[in-house]
Amino acid sequence: MRTTVLPTDVRSLVSGTSPRLLPLEPLDFSAHRALYGSTPRIDGARVIEMADRAGLTGQGGAGFPVHRKMAAVREAAERTGRRAVVVANGSEGEPASAKDKALLWHSPHLVLDGVELAATAVGASRAFVAVEAHSGLRWRLRTASEQRAGSRVPVTIVEVPPRFLSGQETALVSLLNGGPAKPRFQARPVFEDGVDGAPTLLHNVETLAHLALIARHGPAWYRSGATTTLFTVHRGDAAPAVVEASPGLSLERLAGPGVADAQAVLVGGYHGSWLPVASASGSPRATPADGRVGPATPVTAEGLGVPLGAGMIAVLPQDRCGIVETAAILRFLALESAGQCGPCLNGLPRIAAAFGALARPAPRADLVRVRESLSRWAGLVTGRGACRHPDGSARLALSALTTFAAEADAHAHGRCRAPGRPPMLPTGTAEQGA
Ligand SMILES: Cc1cc2nc3c(=O)[nH]c(=O)nc-3n(C[C@H](O)[C@H](O)[C@H](O)COP(=O)(O)O)c2cc1C
Ligand code: SF4
């Protein structure tokens, strides 16, 4: 069983003002009201219009426009005559990510404000907040929820198993319907057929906290770049930090001066991409055009050239091996898969095993063939599962093959830049299949 420790290193890099999403001290309801004021009363159609005008997109990884999901749920509820359900996804199954747990611990009321607004948008009669089991968050959210007399929607707090797949939307709906927390093949999407078969609006908790801020400050404020984003930042052996950052902050500001001498950064978490860092002697303004990043590169999808995914950034120092690091993550991802579809049953274990073999430095003559096989298998699993787990795992593998190409060559000659050093990124335990 994986144990979770709530992040204690919570920082703000918000320019010119105090933190917005993440107060440095946890807030109870009266402190929350004193800081933010009460949630404005807005009718459902206007909540959707507000999300549209703000350009709010989901923070759960895929970046889907919020207003479109809301409109689809509302339309399905009207068409079927079923009352909609709202689910706030705070599962955060990725062991290297802590920003959603920090948000729920420090600002539970901002998330609950967002849940109420989302419920208004789709006319929902009930809502759920999903949190990781054994994290203490069920108690925190339940206490927060009890402080809110006269809430617009009844909210139930549910615990999900601390597994990578628990937060995938069909896995979460399956759990809420009394089944296992595993992704499911669904004939109809969750927005039509979710909790108890009702149209279900499912959003990441950070998305809902942004909605609560937009309701107070307006879409123009959000669009003007006054908003912030949460990141979980890993730097070598240091404890991970959860950072609230203004948009477009440089990699060095976000992740510290070690970036200049780093080897690579992992952007977006375990379904993300490795990017090589331009050497300290090279241009600090390295752009994605040359495939590398530098200390001055803005931490945006455009600046880095890859999606920010789950908002996790890991800086890999020179004295670590990227192949070893990736092999450990791929093994974890393969073990966490539900093994229900071909790509996870056959493809991910094969990719993980090949990377595991590459991670052991030993003279080998078949490196070209292994690289070709890995690229082919990554292509074969992409888009073929019932969920996006194979796609994310393949993305990570392919980016590592490119970023750590020289290290793979060294391994094939029996050398490693960090012999015997264990991986720095957490992978929890994954003895059983999902
Ligand atoms: C394997 C897998 C794991 C996921 N885990 C999470 C998670 O822990 N938390 C989360 O918010 N979204 C997770 N997602 C994304 C959800 O399926 C869903 O798209 C998201 O919660 C929607 O929220 P948003 O519209 O606010 O982005 C995961 C997706 C996949 C494929
Ligand atoms: S793709 Fe993998 S993780 Fe997703 S449902 Fe299929 S077996 Fe499960």
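How far from an oxygen atom of ligand 1 does a polar side-chain atom of Asn-204 lie? Here are some friendly notes, with the answer in point 2.

1. This is a predicted model, in which local features need pLDDT of at least 70 and side-chain atom pairs count only at pLDDT 80 or more, while totals for chains, interfaces and linings use all residues. Residues are numbered from 1 along each chain as its sequence is written, chains are lettered from A and ligands numbered from 1 in the order in which they are written, and side-chain values use heavy atoms, leaving out hydrogens and water.

2. The distance for Asn-204 is 2.8 Å. Asn-89 also reaches ligand 1 by its side chain, with an N or O atom 3.0 Å from a ligand oxygen. Glu-92 uses a backbone N or O atom instead, 3.1 Å from an oxygen atom of ligand 1. Taken alone, ligand 1 exposes 620 Å², and the protein buries 87% of that (areas by the Shrake-Rupley method with a 1.4 Å probe).

3. Now look at the whole shell: 18 residues surround ligand 1, and Gly-60, Lys-69, Glu-169, Asn-204 and Thr-207 are the closest (a residue counts if one of its heavy atoms lies within 4 Å). Strand β5, residues 200–204, gives the largest share, three residues (strands are DSSP runs of E, at least two residues, numbered from the N terminus).

4. Finally, check the cysteines. The count of disulfides is zero, taking a disulfide as a pair of cysteine sulfur atoms within 2.5 Å. Cys-341 is buried because its relative accessible area is 13%, and buried means under 20% (1.4 Å probe, protein chains only). Cys-344 is buried too, at 9%.

Notes: A polar contact is a pair of N or O atoms within 3.5 Å; within protein, one must be able to donate a hydrogen and the other to accept it, and residues adjacent in sequence count only if both atoms are side-chain atoms. Helices (H or I, at least four residues) and strands (E, at least two) are DSSP runs, numbered from the N terminus. Buried means under 20% relative accessible area, exposed over 50%, partly exposed in between (1.4 Å probe, protein chains only).
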